[in-house]
Structure formats: structure tokens, C-alpha cells
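The following briefing concerns the structure shown below.

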2 protein chains.
Amino acid sequence: MFHLHLQEDSQAPFYLQLYAQLQDQIREGKLLYGSRLPSVRALQTHFNISKTPIETAYQMLIAEGYIVSRPRSGLFVMNELQQSIASGDDTATRELISPDNMPPLPIQPKPIIDFRASRVDAAAFPLRLWRRSLQESLESHALDLGAYGDPQGEYSFRATIADYLQRSRGVHCAPEQIVIGSGIRYAASLLARLLGDAGTLACEDPGFAPFPDYFRKWGLNVLPLPARHIAARIGNTDAGAVYLTPSHQFPTGSILSYGDRERLLQWAYSRNAYIIEDDYDGEFRYSGKPIPSLQSLDRAGRVIYIGTFSKAFSPALRLNYLVLPEQLASRLKTERLPLDAPSRIDQWAMARFIEQGHWFRHIRRMRSLYGKKHDRLLERIREYFGEHAAVTGQGAGLHIQVSVKTNRSAADLVKLAADQGVAVYDLEGMLADSGGSGAADPVIYLGFAGLTEKQIDDGVRLLRRAWETALQE
Amino acid sequence: MFHLHLQEDSQAPFYLQLYAQLQDQIREGKLLYGSRLPSVRALQTHFNISKTPIETAYQMLIAEGYIVSRPRSGLFVMNELQQSIASGDDTATRELISPDNMPPLPIQPKPIIDFRASRVDAAAFPLRLWRRSLQESLESHALDLGAYGDPQGEYSFRATIADYLQRSRGVHCAPEQIVIGSGIRYAASLLARLLGDAGTLACEDPGFAPFPDYFRKWGLNVLPLPARHIAARIGNTDAGAVYLTPSHQFPTGSILSYGDRERLLQWAYSRNAYIIEDDYDGEFRYSGKPIPSLQSLDRAGRVIYIGTFSKAFSPALRLNYLVLPEQLASRLKTERLPLDAPSRIDQWAMARFIEQGHWFRHIRRMRSLYGKKHDRLLERIREYFGEHAAVTGQGAGLHIQVSVKTNRSAADLVKLAADQGVAVYDLEGMLADSGGSGAADPVIYLGFAGLTEKQIDDGVRLLRRAWETALQE
């Protein structure tokens with residue numbers, strides 16, 4: 001048995017005592033890489049305490065990357081994480097240890113290869129440059145650390161973003177129109193307030209559900225429309241606003257045509273309606289000429305543009321921005337809407353990162369990296385599935401969509417894949433309505449940004465194995 | 001004289017004409033780096049217009065980094081900003097150009113000594129240790145940078161906070177009850193949703209207005225009660241929740257008595273009501289024994305506790321937390337309320353900072369530092385004002401309240417102080433109702449955390465000078 005001892009008279013609760021002792025023993029190498037830890041039940045019997053403190057301690061160690069839970073085998077010491085990071089050999093353990101999306105207690109097995117669309121490539125994060133930006137910002141703004149900043153976002157950062165957007169996405173705006181935020185929830189909560197009197201919000205079906213969900217939670221009316229026909233149908237509705245992902249529709253990956261963009265703008269002009277353009281992965285286009293952003297085509301201040309640093313940089317930073325038409329930007333002020341910008345330190349650091357040219361270099365690098373992964377995924381699907389699968393939504397963004405020729409349902413395919421240790425996703429939770437995706441064959445979508453090329457190879461191979469019988473039915 | 005010309009028949013207002021011409025001349029190098037600009041008065045005389053458009057144009061140029069204002073010298077062209085950023089030589093101009101904290105239009109002489117309560121001591125920020133925490137967190141979590149975190153906050157950080165709160169504030173909670181946020185707006189928006197069906201929100205008058213304001217903006221009912229009698233009066237209202245600052249009432253600085261705490265808890269038990277305890281500066285108590293937090297006295301899960309890193313650490317970081325009773329914590333999950341935690345990197349860094357013991361050392365250091373400033377301020381007020389002023393709300397927190405024996409209004413005193421270059425604050429904007437503070441003499445509150453002891457000395461001396469005639473009336 002491990003040398004663990006709990007003191008009843010200690011100031012520290014049991015879970016912290018357990019956590020600290022296990023952590024120490026792992027750090028000091030007393031518990032070796034790969035060692036199996038006693039089960040929750042075994043420790044419970046041994047100490048005669050409830051299982052909550054034991055589960056809490058284990059959960060903390062998992063969250064911090066000290067131990068890992070393997071399907072149907074138990075908990076294992078994984079302390080080589082540190083070592084592998086230092087040596088750059090991060091492929092072995094990376095997918096095993098993912099504290100981010102830990103299920104709530106009790107601990108459950110995790111798949112090994114995860115085609116989750118929200119992941120990006122952590123190994124490509126510009127760690128050294130970002131650390132330096134943070135450091136320089138802390139130093140040069142040392143005297144500002146005692147004060148609250150502008151709740152709309154640091155003015156200098158907004159000016160930097162305005163310049164960047166003009167150059168890279170054709171978005172025209174003044175710093176006064178930009179609101180710095182911490183993610184799509186913040187954007188949605190602010191827009192629900194600003195557009196509360198605009199009437200119904202139309203949205204794409206299938207689509208990114210959390211955004212319209214926020215509107216619904218605030219008691220506003222939401223109308224899902226088939227994503228492919230949204231420009232044609234919206235004129236026949238009472239919508240006063242529409243939420244769209246035109247650069248690379250989520251999740252189908254289709255790109256809104258120039259004609260549809262103009263049609264939507266005409267609708268917005270004639271109805272005084274607003275178009276919310278979520279350009280979540282607009283930086284990534286691997287072939288062809290990018291279609292201009294809706295905001296850049298707008299001649300009447302009807303487009304609200306949302307951009308993010310989550311895809312091209314890191315979702316861990318929680319940094320995004322809204323570009324409001326002038327009219328809405330002044331309503332922000334007159335109605336004194338509650339604003340709360342994220343860390344000033346991060347804003348200063350990102351402004352510096354962009355101003356020093358690192359951002360453009362980083363984007364170029366990521367575009368090439370993700371372009372390779374994108375091509376690799378398409379190649380492998382062709383190789384392993386041939387006529388059995390059809391890819392759509394490729395050529396841009398960080399995920400594709402695959403329709404698989406089988407009688408099975410998408411949910412079945414997800415389950416079969418999970419049994420082989422591969423996580424793939426169907427449209428569940430993305431259908432805002434019962435309208436459906438309109439596709440005959442089941443549709444699966446695959447994110448590739450967070451996987452290595454080797455993992456993409458293995459993942460597609462395992463998918464073929466997982467779906468072998470389904471394809472023959 | 002500069003070549004400026006204003007056209008009365010132009011579509012552009014005067015301020016935009018001035019702005020555009022000055023900006024062009026700076027960009028084109030016609031106005032050289034370091035050139036002194038004409039004073040507002042000089043331009044006013046020259047053009048025979050009001051000073052507002054001139055001030056506006058100058059303010060815009062300052063905000064955008066084209067010009068800079070130097071104390072007692074004037075306005076200077078600073079267009080090398082771009083150039084110095086590009087060449088990496090950014091130390092020379094960096095501190096001069098800080099558009100982030102620009103006062104709102106119109107330009108006012110910036111006070112030299114600002115007793116603003118929201119400021120903290122930037123010079124005491126543990127820059128080196130925080131930089132190291134950030135750096136170590138980035139390295140040890142490098143592989144997590146590609147993924148979204150738990151929107152409720154990183155589990156390990158929540159566990160660390162739970163342990164800290166238990167030890168320092170007697171707050172009992174599990175990590176599952178903690179929600180990490182970015183400030184009081186986030187806390188208010190979440191609570192407005194969670195308590196939306198609790199009925200009227202009672203709040204302190206005078207009090208911290210933004211919190212109840214958020215509730216009002218969401219269409220909820222708000223009932224201000226006199227801060228001193230809130231425990232006695234709340235039983236006669238239909239309130240289903242109350243927002244309080246019991247450790248050091250904002251802004252009066254009074255401390256809620258033990259008896260009143262028990263009375264409020266009894267009220268909450270009997271009505272199934274909620275008490276929102278905003279412990280914004282609970283770390284700072286300079287004498288006597290701290291009264292236990294309301295949360296620590298709660299035996300029925302009726303207290304919601306709000307803590308922040310803005311006062312003890314830095315308001316620039318935008319990091320705070322909510323502790324929910326278990327029942328509300330599970331409603332978070334079942335109702336799938338929109339959550340959005342701040343930067344994971346900051347959360348990891350702060351968890352590490354606390355776990356390594358730096359936080360406790362920092363708090364002790366800050367308590368001693370602020371205790372000295374607090375004592376100094378009280379001494380100086382005694383010395384310069386004697387019987388003319390009475391201090392209340394001392395002994396805790398980062399601000400005190402002074403009632404001044406004069407016939408003048410508090411607004412007059414603020415103005416007289418500003419004329420001497422000292423910014424002090426009255427209760428304007430803090431009276432939720434017309435109930436008033438109940439004080440006979442005008443009341444001013446003074447924050448001391450952001451000032452040096454020397455500035456405190458000078459500030460009080462200047463206040464005496466500013467109010468000399470007012471005291472004799």
C-alpha cells in the first residue's frame with residue numbers, strides 16, 4: 001500500500017492531505033510513471049472515511065496532470081508530463097491528459113483521439129513570444145496595475161484591432177465601435193441587451209446553438225432557419241436580426257455565397273435589421289480567394305462583427321471582440337450597459353504582440369500548419385473510405401463534415417467510434433429546430449486542429465475499423 | 001502659428017476639422033516630434049470659438065497617441081509612437097502615452113492627488129513573483145493551451161480558493177460551489193438570472209450602486225434601504241434577496257454588527273431569502289478581531305459570498321469569484337446557465353501563486369502597508385482638521401469617510417478640492433434612493449490605497465487649504 005496517512009486533528013481537510021501527499025510522492029518520484037493508484041473504494045475501506053475527499057483529491061490530481069484515468073483499468077501516475085514537455089516529446093501523453101473537459105465526478109474513461117472541433121494546436125502556441133509580450137506589458141504598464149481599465153476595453157488595444165481588421169478582413173471601424181470581451185457568452189449577453197427590441201433573432205439550422213440559446217434564456221424569440229436557405233427565407237419572416245457564420249458555416253463548413261451576402265444585406269437595409277457575423281475561424285482559408293466579410297460590404301451600419309483569439313491563438317486566453325455599427329456603439333454609452341473587459345494585462349500583451357508583427361507571422365504559420373492537417377485528413381478519408389464517405393465544408397476553418405454511406409444513424413457511428421477510442425461528433429445539440437440537416441446519410445463532423453498528423457492517420461484508420469460492419473450493411 | 005483653418009460651412013463640426021488637420025500634419029511630419037501645440041486658450045482667442053471643440057480635438061489626439069499632455073508644460077506632438085514601436089525602442093515614450101486612463105471629455109486639469117477608492121498600490125504589486133507564476137503556469141500547462149477550460153473555472157483553482165477561504169474567512173465550501181468570474185458585472189449578471197424568481201432585491205443606501213443597477217436593467221425590482229438599519233427594516237419588506245457589504249460597508253465603512261448578522265440570517269431562514277455578501281475588501285482589517293463572514297455563520301445555505309482579487313492584488317487582472325450555496329450551485333448545472341470563466345492562464349497562475357504561499361505573504365505585506373497608510377491618513381486629518389472633521393468607517397478596508405463641519409455641500413467641497421488639484425468623492429451616484437446618508441454635515445470619502453504616504457500628507461494639507469474658507473463660514 002502507498003504510504004498515505006490522514007490526520008484528524010490537522011487543519012487541512014482530508015482531501016487536501018491526500019492530494020498533497022500523493023502530489024509530493026509523484027513529484028519526488030516515489031510513485032513511478034505508470035504506477036496504478038488504489039481505487040477510491042480501496043482507500044475508503046482503508047481509512048474508513050467517505051469517498052468524497054478521495055474523489056476530490058484524485059480529481060485535483062487528474063486536473064493538474066499528475067494522474068490519468070484509463071477506461072476500465074483505473075488510475076495511473078502520469079508524471080512524465082512535465083518531462084515530456086521539457087523534451088518536446090508531447091505526443092505520447094497529450095491526449096490522455098485533458099483536464100479541460102473532465103466529466104464531473106465520478107471519473108470516467110476518456111477517448112484517445114479526439115476530433116473535437118474546439119481544440120487548437122497547443123504545441124504551435126508561440127510560448128516564448130507570448131511570455132515576452134506579457135513580461136514587457138507588465139513592466140511598461142506597472143503603474144497601471146493599481147487601477148481599473150476602460151470597461152469597453154483598453155483604447156490602445158481597440159485601435160490596434162481596428163487597424164488589423166481593416167488590413168486582414170476588410171472590416172471598417174473606429175476604436176470606439178470595438179468592445180473587448182472574454183468569449184461568445186459575453187458577446188451574446190451584450191447583444192441580447194442591445195437587440196432586445198429588434199424582435200425575433202433568426203439563426204442557422206444546424207448551427208452554433210449556444211448563441212441563440214442565450215437569447216432564449218433572456219426571454220427573446222429565436223427562429224431557426226435552414227442554414228442553406230437562410231438568405232432566401234429570411235424575407236418571409238418577422239426576424240429583426242440574424243446570427244450567422246458566413247465564412248465557414250458551423251458545423252456544415254459551407255461558405256455563404258457573394259449573392260446571398262448581398263441578399264442578406266438588402267434585407268437588413270430594408271427592414272432596419274441587424275446581421276450578426278460570427279467570423280470565428282475567418283483567418284483560415286486554404287484555397288481560393290476569400291469572400292469579403294459581410295461587415296466590409298455593409299453600407300448602412302447593419303452588420304455586427306464578432307472576432308476571436310480562441311481559434312488562431314488560444315481558447316485558454318478568453319479574448320474576443322465585437323465590432324458594433326456606430327449607432328449601437330453610441331447606445332452602449334447612452335444606455336450605460338454593463339461592460340466588463342477581460343484582464344488589462346492580456347489586452348496590453350496582445351496589442352504589443354500584434355504591433356510588433358508577431359500576430360501576422362503567427363497567423364501565416366498556423367494557416368500553413370492547419371492547411372497541412374486539413375489536406376492530410378482529406379487524403380486519409382479518401383484512402384480509407386473511398387466511395388463510402390463524402391466530405392463537405394473543406395477548404396477553410398478547422399473542421400470538415402463527412403457524410404457516411406450507411407443505414408446506421410449518426411449517433412450509432414459516434415458510439416462505434418468511441419468503442420475504438422476515437423471521439424467524433426454528430427449534429428446533436430446543434431439542430432436548433434427539427435428541420436434537420438437535410439442530408440440522407442448520417443453526418444459526422446471532424447475537427448483536426450488539435451491533432452497531430454500522426455493522430456489524424458491513426459484516427460481515420462480506427463474510424464474505418466469502427467465502422468467496418470456499418471458500411472457493409 | 002500652425003496652419004489651421006476652420007470652415008463654418010463645412011459638414012464636419014469644428015472639433016473634427018481641427019482633429020483631422022492636426023492629425024494630417026503630424027502624420028505628414030509637418031508637425032515635428034516634440035513640437036508644442038498652441039494652448040486651448042490661444043486657439044480659442046485665435047478662432048473666436050468656444051473651448052469645447054478644441055478640447056475635444058486635443059482629447060482625441062491624446063487618446064490616439066498623437067500628442068501627449070505634460071504637467072504644467074502643455075501639449076506636445078508625440079508622433080514617434082509608431083516609429084518607436086516598430087524599432088523596438090519603446091521605453092522613452094511609453095510612460096508618457098497612456099491612453100487607457102484618459103478622463104472623459106472635456107479635458108479637465110488632472111488632479112495630482114487622487115483619493116479614488118478603487119485605486120490600489122501599483123508599486124506594491126508583486127511583479128517578479130507574478131511574472132514567474134505566469135511563466136511557470138504557461139510552461140506546465142503548455143499542452144492545455146489548445147483547449148477550452150471549464151466555464152465555471154478551473155477545478156484546481158476552485159479547490160485552492162475553497163481552501164484559502166476556509167482558512168482566512170471561515171467560508172465553508174466545496175470547489176463545486178465556486179464560480180470564477182471577471183468582476184462584479186459577471187457576478188451580478190449570473191445572480192440576476194439565478195435569483196430572478198426570488199422577488200425584490202434589497203440593497204444598502206448609500207451603497208455600491210452598480211450591483212443593484214444591473215438587477216434593474218434586467219427588469220428586476222430593487223428596494224434601497226438605509227444601510228444602517230437594513231437588518232431591522234428588511235423584515236417589513238417583500239424582499240427575497242439582499243445585497244450587502246458587511247465587512248466594511250461601501251461607502252460608509254461601517255461594519256455590520258454580530259447581532260445584525262444573526263438578525264439577517266434569521267430573516268433569510270424564515271423567508272427562504274438569499275443574502276449576497278460582497279466581501280470586496282475583507283482581507284483588510286487593521287485592528288480588533290474580525291467579525292466572521294456571514295457565509296461562515298450561515299446554517300441553511302442562504303448566503304452567496306463574493307470575493308475579489310481586485311483589492312488585494314490588482315484590479316487590472318479582472319479576477320473574482322462567487323461562492324454559491326449548494327442548492328444554487330446545482331441550479332447552475334440543471335438550468336445550464338451561460339458561464340464564461342476568465343483566462344485559464346491567469347487562473348493557473350493564481351492557483352500556483354496561492355499554493356506556493358506567495359498569496360498569504362502578499363496579503364500580510366499589503367495589510368501592513370495599507371495599515372500604515374490608513375494610520376497616516378487619520379493622523380493627518382486630526383492634525384490639519386482637528387474638530388472640523390470627524391472620521392468614520394476607519395479600521396478596515398481601503399477608504400474612510402470624513403464628515404466636515406461646514407455649511408457647504410459635499411459637492412462644493414469636491415469642487416474646492418479639485419481646484420487645489422485634489423480629487424475627493426462625495427456620495428453622488430451612491431444614493432440608491434432619496435433616503436440620503438442621514439448625516440447632517442457633508443460627507444466625503446477618501447481612498448488611500450493608491451497613494452504614497454507623502455501624497456497622503458500633501459493631499460490632506462491641500463484639502464485644508466481648499467476648505468479653509470468653508471470651515472470658517
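**Interface and salt bridges**

Between chain A and chain B the count is four salt bridges, a salt bridge being a side-chain nitrogen of Lys or Arg within 4 Å of a carboxyl oxygen of Asp or Glu. The model is predicted, so local features need pLDDT of at least 70 and side-chain atom pairs count only at pLDDT 80 or more, whereas totals for chains, interfaces and linings use all residues. Residues are numbered from 1 along each chain as its sequence is written, chains are lettered from A and ligands numbered from 1 in the order in which they are written, and side-chain values use heavy atoms, with hydrogens and water left out.

**Interface of chain A and chain B**

- A salt bridge joins the side chains of B:R131 and A:E139, at 2.5 Å from N to O.
- On the side of chain A that touches chain B, the elements giving two or more residues include α1 (14-27), α3 (51-63), α6 (127-140) and α14 (344-355) of chain A; helices are DSSP runs (H or I, at least four residues), as are strands (E, at least two), numbered from the N terminus.
- The largest share of that side, eight residues, comes from α6(A).
- In contact terms (heavy atoms within 4.5 Å), 74 residues of chain A meet 67 residues of chain B.
- The two chains, A and B, bury about 6,400 Å² between them, 57% of it on carbon and sulfur atoms; buried area is the accessible area (1.4 Å probe) that two parts lose on being put together, summed over both.

**Chain A: confidence and fold**

- The mean pLDDT of chain A is 86, and 89% of its residues reach 70 or more; pLDDT is the predictor's confidence in each residue, from 0 to 100.
- Residues 80-110 of chain A have pLDDT below 50, although this stretch has 71 contacts in the model beyond near neighbours in sequence.
- Where pLDDT is low, the predicted coordinates should not be read in detail.
- Chain A holds 17 helices and 14 strands.
- Of its 473 residues, 60% count as buried, meaning under 20% relative accessible area, with exposed over 50% and partly exposed in between (1.4 Å probe, protein chains only).

**Salt bridges within the chains**

- Over all chains the structure holds 42 salt bridges.
- A:R376, A:E379, A:R380, A:E383, A:E453 and A:D457 are linked in a network of salt bridges.
- B:E453 forms a salt bridge with B:R376 at 2.9 Å; the former lies in helix α17 and the latter in helix α15 of chain B, so the pair ties together parts 77 residues apart in sequence.

**Residue B:R169**

- B:R169 lies in helix α7 (residues 155-169) of chain B and is buried at 12% relative accessible area.
- Residues touched by B:R169 include B:Y164, B:D279 and B:Y305, not counting residues up to four places away in sequence.
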